[in-house]
Amino acid sequence: MTKEELEEVMRLYKDLVYRLAYNNTCDSSVCDDIVQETFLALYKCNKEFEDNEKLKAWLIRVVINKARNYTGSWWNKKRNDELSDIASPEIDRDSFIALRAALKKLKPDYRNIIFLHYYLGYSVNEISRILGITVTSVTTRLHRGRNCLKEYLKED
């Protein structure tokens, strides 16, 4: 991959990679590192992608793996997590904070499926292909994730 090709891919997918990293870590400074590591891995990768969808799926998989490495690290488990002060124009600040807190409580597998489905608009079949799991697993995780979110939001 040439430097110009990498710059084009970064321009196209930088926001997607960042949002997915943030969805998994809830820490903007860590997201920057994950984004950089993801694109560095792409640059070092000698793989040819058939089309942009295959490339996008590869990037999603790499981001999830790198975020999982971070969230499972000893350092992350020992530090204090705080909610970010990000606001959303669509909903009021209190609702956004409650939703963000509920999403943080979800298992990463549920959170990733919900993010891919609701935020990125992927179908269950597409998520199945991207993550390399069965359609039934995607459907089950999506259902369980929604139920957990409902319960977490009721608690608050």
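**Salt bridges in the predicted model**

Student: Arg68 has a relative accessible area of 37% and is partly exposed. With which residue does Arg68 form a salt bridge?

Tutor: This is a predicted model, in which local features need pLDDT of at least 70 and side-chain atom pairs count only at pLDDT 80 or more, whereas totals for chains, interfaces and linings use all residues. Residues are numbered from 1 along each chain as its sequence is written, and side-chain values use heavy atoms, leaving out hydrogens and water. A salt bridge requires a side-chain nitrogen of Lys or Arg within 4 Å of a carboxyl oxygen of Asp or Glu. With closest N and O atoms 3.2 Å apart, the partner of Arg68 is Asp109.

Student: How many residues apart in sequence are the parts that Arg68 and Asp109 tie together?

Tutor: Helices are DSSP runs (H or I, at least four residues), numbered from the N terminus. Arg68 belongs to helix α3 (residues 52–71) and Asp109 to helix α6 (residues 108–119), so the pair ties together parts whose separation in sequence is 41 residues.

Student: What is the relative accessible area of Asp109?

Tutor: Buried means under 20% relative accessible area, exposed over 50%, and partly exposed in between (1.4 Å probe, protein chains only). Asp109 is partly exposed, at 33%.

Student: How far apart are the closest N and O atoms of Glu8 and Arg11?

Tutor: Both residues lie in helix α1 (residues 3–25), three residues or about one turn apart. Glu8 is partly exposed at 34%, and Arg11 is exposed at 55%. In their salt bridge, the closest N and O atoms are separated by 2.6 Å.

Key. Helix = DSSP H or I, 4+ residues; strand = E, 2+ residues; numbered from the N terminus.
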